[in-house]
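Subject: Structure for you to look at

Dear colleague,

Here is the structure that I promised to pass on to you. Please open it and keep it in view while you read the notes below.

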Amino acid sequence: MTNDVVLHCGTCGRDHRLEELAWRCGDCRGVLDLAGFTPVLPSLPELAGARPTLWRYASALPIAEPIDIGLGEGMTPLIHAPGRTDIMLKLDYLMPTGSFKDRGAVLLAALARRLAVPRMLADSSGNAGTAIAAYAARAGIACEVYVPASTSAGKLAQLRAYGATVHAIPGTREDTAAAAARAADESGNFYASHVYHPFFLHGTKTYAFELWEQLGGRLPGTLVLPVGNGTLVLGAYLGCRELLARRLIDRIPRIVAAQAESCAPLAAAIRTGSTVPVDVAARPTAAEGIAIARPARGRQILAAVRSTGGTIVTVADTEIRTAHAELARAGLYVEPTAAVCWAAVRAGRIGGSGRSSSSPAVVAPLCGSGLKAEPPAEALDISPRA
Ligand SMILES: *Cc1c(COP(=O)(O)O)cnc(C)c1O
Ligand SMILES: [Zn+2]
């Protein structure tokens with residue numbers, strides 16, 4: 001299956017073999033996507049009886065199921081939002097490592113195993129790193145994770161427990177990414193980047209497949225998604241496109257992505273009509289997991305969201321705090337970043353409900369577990385002090 005798959009640069013057209021371990025284009029430094037592979041989506045009847053993991057869609061994934069690497073990832077619950085019958089929440093914080101990042105991480109670990117690399121590198125504000133570290137451990141591959149020095153103690157403990165070597169980098173999230181990129185260029189290292197490696201997006205696309213299946217072969221009118229680097233937005237969009245190509249849906253839902261007001265380069269681009277992220281000065285936010293000032297796939301994110309008739313909205317930290325508390329009072333203990341979508345929904349910022357009569361009208365994910373985050377009060381104190 002993977003034999004014909006290549007990493008393709010959409011900017012200059014150059015192809016790279018998977019074995020080259022390229023993480024961006026060797027010529028123009030553009031971001032790479034997958035080419036040379038045709039996903040085959042099962043029909044609903046064909047899926048009946050398949051095991052409840054994302055590998056039920058193996059025929060639509062670019063690599064075969066790695067027998068001994070999986071942790072049961074995927075097929076997360078879909079429930080009604082507190083007090084709402086028109087809105088549903090998909091509980092990706094119940095994944096094996098506590099976030100949706102498992103969807104992509106398991107594919108990268110499977111690829112690492114297949115390419116027999118000695119070491120995987122990741123950089124992350126926390127959840128992507130913990131996911132890569134867990135699946136690397138499961139695959140018996142050494143793992144080094146670059147994180148900002150400000151990463152929560154819970155996530156650091158989780159990384160170390162999986163046996164990863166942790167590099168805590170002072171400065172911004174961008175400084176962390178730069179440190180990882182330097183290490184990535186050393187030979188033999190596989191930069192298992194959730195941002196750059198397109199296998200990750202082919203994992204997160206299963207979010208859309210599962211939703212389609214759980215809703216009986218339909219998608220809602222609107223998908224609300226968090227956006228920092230856009231791995232869930234781009235994955236969900238890719239999944240929708242593949243469903244549409246197979247005629248399993250008749251149109252792609254509106255994608256409404258949510259950013260924290262304190263760091264919203266993509267929302268600013270939508271507002272100003274820009275095709276690339278706007279330069280912003282990032283201020284601290286409780287939603288640390290999406291505080292990405294310069295998303296590498298920003299151009300792709302903006303094009304994807306616009307093509308669905310959607311938009312990118314912002315929420316203030318006070319709104320995130322309220323949403324976070326409300327979710328917890330409804331039994332849903334997530335990290336503050338994971339409350340951003342619910343904050344946007346309850347603030348009435350989603351709009352466009354007239355476009356679809358589908359039910360539910362809106363689905364949003366709860367992306368990350370509260371168990372590894374700093375206690376909310378402390379995390380949320382950051383922004384008043386700033
Ligand atoms: C990674 C993550 C996000 C955002 O994902 P991006 O790929 O940066 O857009 C949102 N919420 C949680 C909990 C995450 O771990
Ligand atoms: Zn290129």
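Let me begin with proline 77, which is found in the loop between helix 1 (44–47) and strand 4 (78–80); here helices (H or I, at least four residues) and strands (E, at least two) are DSSP runs, numbered from the N terminus. Proline 77 has a relative accessible area of 35% and is therefore partly exposed, given that buried means under 20% relative accessible area, exposed over 50%, and partly exposed in between (1.4 Å probe, protein chains only). Proline 77 and alanine 208 are 131 residues apart in sequence, while their C-alpha atoms are 13 Å apart in space.

Before going on, please note that this is a predicted model, in which local features need pLDDT of at least 70 and side-chain atom pairs count only at pLDDT 80 or more, whereas totals for chains, interfaces and linings use all residues. Residues are numbered from 1 along each chain as its sequence is written, chains are lettered from A and ligands numbered from 1 in the order in which they are written, and side-chain values use heavy atoms, with hydrogens and water left out.

Cysteine 12 lies in the loop between strand 1 (6–9) and strand 2 (15–17), and cysteine 25 in the loop between strand 2 and strand 3 (32–35), so the pair ties together parts that are 13 residues apart in sequence. Cysteine 12, at 40% relative accessibility, counts as partly exposed, whereas cysteine 25, at 2%, counts as buried.

Turning to helix 11, you will find that Asp317, Ile320, Ala323, His324 and Leu327 are buried. These residues cover an arc of only 120 degrees around the axis, which puts them on the same side of helix 11; the arc is that of the directions from the helix axis to the C-beta atoms. On the other side of helix 11, Thr318 and Arg329 are exposed. Helix 11 is followed by glycine 331, whose phi is positive, near 90 degrees.
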